[in-house]
Amino acid sequence: MAAIPRLKAYQGPALLSYGFRPFFFFGGCYAALAIAIWLPVFEGEIALATSFAPRDWHVHEMLFGYVAAVVTGFLLTAIPNWTGRLPLQGTRLLVLLIAWFAGRFAIAWSARLGWATAALVDCAFLALLVLAASREIIAGQNWRKLKVLGPVCVFLLANIGFHTEAHVFGAADVSARAAIAAIIALIILIGGRIVPSFTRNWLSSENPGRLPLPFGRFDIISIAVSAAALCLWVAMPEGSWTGAALCLAGAIQCVRLTRWAGERTARERLVLILHIAYAFVPLGFVLSGLAAIGTIPHSAGLHAWMVGAAGTMTLAVMTRASLGHTGHELVAGAGTQAIYAAVVAAAGARVAGALIPAWTLALLHVATLAWIAAFGGFVVLYGPILFRRAGTGHGP
């Protein structure tokens with residue numbers, strides 16, 4: 001994300017001065033809290049007043065609770081840079097935040113509220129986000145950026161489908177895959193822009209030599225192949241054709257990643273973590289491809305994508321944006337490097353747990369603790385930054 005435009009006079013709480021502040025903070029809180037709750041739910045020690053089956057509650061809240069919050073924070077920060085318009089702040093931002101909180105409450109108490117009421121309250125948040133983002137992009141006449149809202153709209157439809165599918169069939173499968181596909185598509189689209197861009201900027205000034213190749217025909221082909229493979233996987237998660245398509249997409253995405261000179265960024269952790277996060281995208285494709293032909297469990301690919309790609313990429317973006325847009329130096333200190341290590345460890349442990357049945361339970365505990373450390377650590381380290389007004393720099 002480029003420099004934030006000058007803000008209009010705003011005298012309210014600093015937390016509501018820019019979209020990344022509340023949604024990164026509360027998204028980080030919820031990422032840690034939801035997983036802390038999930039383990040005792042998984043082990044049958046506690047029960048929730050939700051109409052979802054325990055697994056569906058876990059899947060839904062990580063997709064439409066945590067990830068949705070971070071996507072919102074990113075979009076509300078990026079869109080003013082794309083359009084030159086003033087950001088959403090104050091009361092309008094608070095309305096979105098309340099809608100997100102209302103969705104979390106509705107899901108937690110959906111057994112008492114009723115599934116339809118809970119669905120209406122929960123889906124309202126993403127609907128409001130799409131409307132707000134569309135309005136700003138259209139008003140700013142940056143028509144090309146409307147394509148970013150495509151996966152967000154799929155995400156919204158998947159949420160509606162998730163509630164319906166869980167109610168009618170007792171479990172949400174197709175809609176959960178659709179939501180995951182939308183998230184991976186967003187990472188491929190947006191990550192495919194910011195990873196080489198930030199890498200080029202750092203290498204140009206700090207480590208002259210080979211630079212990331214510019215966006216071109218190969219990138220377009222890789223996006224198209226990956227999108228097709230994801231669509232096939234959503235509709236038909238098993239079968240040789242699906243497996244072949246997913247493995248092909250994984251190979252192409254791996255080649256795409258090697259074109260960005262990530263091996264030259266070891267000295268800059270804020271950039272290196274972006275490459276590590278993106279590496280879980282092709283890994284998820286390949287593991288899901290192998291699962292499609294019955295070689296390994298499906299959960300290996302799912303967690304490579306969600307814990308690895310989504311978890312690591314969101315944490316990387318949250319830390320970098322929080323530093324840069326509040327006037328702090330773009331340096332990953334010891335604490336930031338520790339939470340990066342924790343989220344990567346969580347992803348590795350969760351994928352390994354799926355692949356090694358004898359170690360599944362032990363590695364599930366390792367992944368849980370590492371994930372909580374990563375996002376709890378973000379809240380502790382970056383909470384003061386997000387709640388405090390910036391005195392310098394280009395942030396609010």
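**A buried alanine and its surroundings**

Guide: A304 is buried, with a relative accessible area of 0%; buried means under 20% relative accessible area, computed with a 1.4 Å probe on protein chains only. The model is predicted, so local features need pLDDT of at least 70 and side-chain atom pairs count only at pLDDT 80 or more, while totals for chains, interfaces and linings use all residues. Residues are numbered from 1 along each chain as its sequence is written, and side-chain values use heavy atoms, with hydrogens and water left out.

A304 belongs to helix 11 (helices are DSSP runs of H or I, at least four residues, numbered from the N terminus). Leaving aside residues up to four places away in sequence, A304 touches F280, L283, G284, L287, A309 and V351; contact means heavy atoms within 4.5 Å. G262 lies 42 residues from A304 along the chain, and their C-alpha atoms are separated by 19 Å.

S288 sits in helix 10. With a relative accessible area of 2%, S288 is buried. Its contacts, again not counting residues up to four places away in sequence, are L246, G301, L302 and W305.

A pocket is an open set of points on a 1 Å grid over the protein atoms alone, where a 1.4 Å probe fits and protein lies on both sides within 12 Å along at least five of seven lines; lining residues have an atom within 4 Å of a point. Its volume is the space filled by probe spheres set on the points, which are joined across faces, edges and corners. There are 32 lining residues, and the closest to the centre are H58, V59, L302, H303 and R350. Two or more lining residues come from each of helix 1 (20-42), helix 2 (54-83), helix 7 (174-206), helix 10 (269-292), helix 11 (298-324) and helix 13 (360-387). By class, the lining has 21 nonpolar, 7 polar and 4 charged residues, where Ala, Val, Leu, Ile, Met, Phe, Trp, Tyr, Cys and Pro count as nonpolar, Asp, Glu, Lys and Arg as charged, and the others, Gly among them, as polar.

The second largest pocket holds about 620 Å³ of space. Of its 26 lining residues, K145, L189, I190, R193 and I194 are the closest to the centre. Helix 2, helix 7 and helix 8 (217-235) each give two or more residues to this lining, and helix 7 has the largest share, 9 residues. The lining of the second largest pocket divides into 17 nonpolar, 3 polar and 6 charged residues.

Helix 2 also packs on another helix. The axes of helix 2 and helix 3 (residues 91-108) come within 11 Å and cross at roughly 175 degrees; axes are lines fitted to C-alpha atoms over the stretch in contact, and angles run from 0 to 180 degrees between N-to-C directions. The two helices are therefore roughly antiparallel to each other, a term for angles over 145 degrees. Helix 2 contributes W57, H60, E61, F64, G65, A69 and L76 to the contact, and helix 3 contributes L93, L96, W100, R104 and I107. These residues comprise 8 nonpolar, 2 polar and 2 charged.

I79 is another residue of helix 2, and at 4% relative accessibility I79 is buried. Beyond residues up to four places away in sequence, I79 touches A133, E136 and I137.

Notes:
Buried < 20%, exposed > 50% of the residue type's maximum accessible area, 1.4 Å probe, protein only. Parallel < 35°, antiparallel > 145°, perpendicular 65-115°, else oblique.
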